[in-house]
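Have the sequence and the 3D view at hand as you read.

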Amino acid sequence: MARVGLVYDPLYLEHDTDGHPENAERLRAIMALLEESGLRSSLTPIAADDATQADLELVHQPEMIRWVRGRIEAGDTALDMDTAVSARSYEAALRAAGGCLRATDAVLAGEVDSAFCLVRPPGHHATPGHAMGFCLFNNVAIAARHAIARRGLERVAIVDFDVHHGNGTQEAFYSDPSVLYLSTHESPLYPGTGTWREAGTGSGLGFTVNVPLPMNSGDQEYRRAFEVVLLPALRRFRPELVLVSAGFDGHFTDPLAWMCLSCAGYRELTLMLRQAAEELCGGRLVFSLEGGYDLTAQAWSVRSCLDVLLGNPFASDPHGAAPPSNSPDVEPLLAVIRGLHRLGSSS
Ligand SMILES: [Zn+2]
């Protein structure tokens, strides 16, 4: 049986954003489902510790870190129009980033085969210079830099299937050929970045791959995006570790987006990632929670990913399949992206 690590810490609930869509009930719903289903007992707990200043500075500017801390200490309740904070948010954010670091270390040390970090606040919108979009520090980006700077890896891939573009992660690695950033996201949608033409710069050119999908894209369109763009790019890059910005706001019930993924669809994407990771890097996968705002859908979607990592069969979820909709034809877009990234002709 696969050994799958789980990062969770009650401190994550103390990032208290009551009334905001990104609130502590999300993690409570996920943990309740893991308990009820008995899944929690088959996961290996990984203790999160706190990211240090040096850890944060792997990605973030010292002034930005000081600013975030100062605003929270001053008692502010929001860092911008979208990003709520409370008295304990800074501590929670340090432990969220620290959780991803420990999960990455546990996977790299072979203590577990793969891991899932149930952390908040999420991270993928946080840029080197700004906290934004519900995110304080970029948990996954910090883990990627850590793996390269301190664990000797040469190539780390980040797959971001959150429904929003991970502008912060893209910015952190835009000129860096050691990190391949692959994103599927709804377009147009917040934060407005991630056009297919954004492909990196300087020596990082070609190491950012964006697949901006139209609204109503569902299981089938995401599967095709993975099959014809993300997986071929991943195989060409030959990562030594795959980090996943796992947001579940592409689910058809999500209140913040207009996509049509189902839990079965998330299962399929995770199966493809697991297979690619097994083929390329000994199965070394670290998932980290980003968005997902329908409490039931995000909990069951996390469960379907964990079931894949554990090798369990699919457990049918309460929402089931997406209702029929006008599925967009994404093939022309995927062909253009394959052309830009020289992935050969579409099959
Ligand atoms: Zn999102």
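Along the chain, the donors of the zinc ion follow the spacing D-x1-H-x84-D. D162 sits in the loop between β4 (156-160) and α6 (167-173), and D249 in the loop between β7 (241-246) and α8, so this pair ties together parts that are 87 residues apart in sequence. Helices (H or I, at least four residues) and strands (E, at least two) are DSSP runs, numbered from the N terminus.

Before going further, a word on the source: this is a predicted model, in which local features need pLDDT of at least 70 and side-chain atom pairs count only at pLDDT 80 or more, while totals for chains, interfaces and linings use all residues. Residues are numbered from 1 along each chain as its sequence is written, and side-chain values use heavy atoms, with hydrogens and water left out.

Which atoms coordinate the zinc ion? They are D162 (OD), D162 (OD), H164 (ND1) and D249 (OD), at 2.0 to 2.8 Å. Donors here are N, O and S atoms within 2.8 Å of the metal (3.2 Å for Na, K and Ca); water is not among the atoms, so sites may look incomplete. The four donor atoms subtend angles of 52 to 154° around the zinc ion, which makes the arrangement irregular. For reference, four donors count as tetrahedral if all angles lie between 85 and 135 degrees; four count as square planar and six as octahedral if opposite donors are over 155 degrees apart and all others between 65 and 115; anything else is irregular.

## Helix α8 and its partners

Helix α8 packs with α7 and also crosses α9. The table sets out both pairs.

| Helix pair | Angle | Axes |
|---|---|---|
| α7 (residues 219-237) and α8 (residues 263-281) | about 15° | 10 Å apart |
| α8 and α9 (residues 295-310) | roughly 30° | within 8 Å |

Axes are lines fitted to C-alpha atoms, for helices over the stretch in contact, and angles run from 0 to 180 degrees between N-to-C directions. Angles under 35 degrees count as roughly parallel, over 145 as roughly antiparallel, 65 to 115 as roughly perpendicular and the rest as oblique. α7 and α8 are therefore roughly parallel to each other, and α8 and α9 are therefore roughly parallel too.

What do α7 and α8 bring to their contact (heavy atoms within 4.5 Å)? From α7 come residues including Y222, F226, L231 and R235, and from α8 residues including L269, M272 and E279. The contact of α7 with α8 holds 10 nonpolar, one polar and six charged residues. Ala, Val, Leu, Ile, Met, Phe, Trp, Tyr, Cys and Pro count as nonpolar, Asp, Glu, Lys and Arg as charged, and the others, Gly among them, as polar.

## Prolines and a positive phi

P232 is found in helix α7. Beyond its neighbours within four places in sequence, P232 is in contact with F226, E227, R338 and L343. P232 and G344 lie 9.4 Å apart, C-alpha to C-alpha, although 112 residues separate them in sequence.

Two other prolines follow cis peptide bonds, with omega near 0°: R120 to P121 and S187 to P188. P121 belongs to the loop between β3 (114-117) and α5 (139-151), whereas P188 is in the loop between β5 (179-186) and β6 (208-213).

Finally, R238, in the loop between α7 and β7, has a phi near 55°, a positive value in a residue other than glycine.

Note on methods:
Contact = heavy atoms within 4.5 Å.
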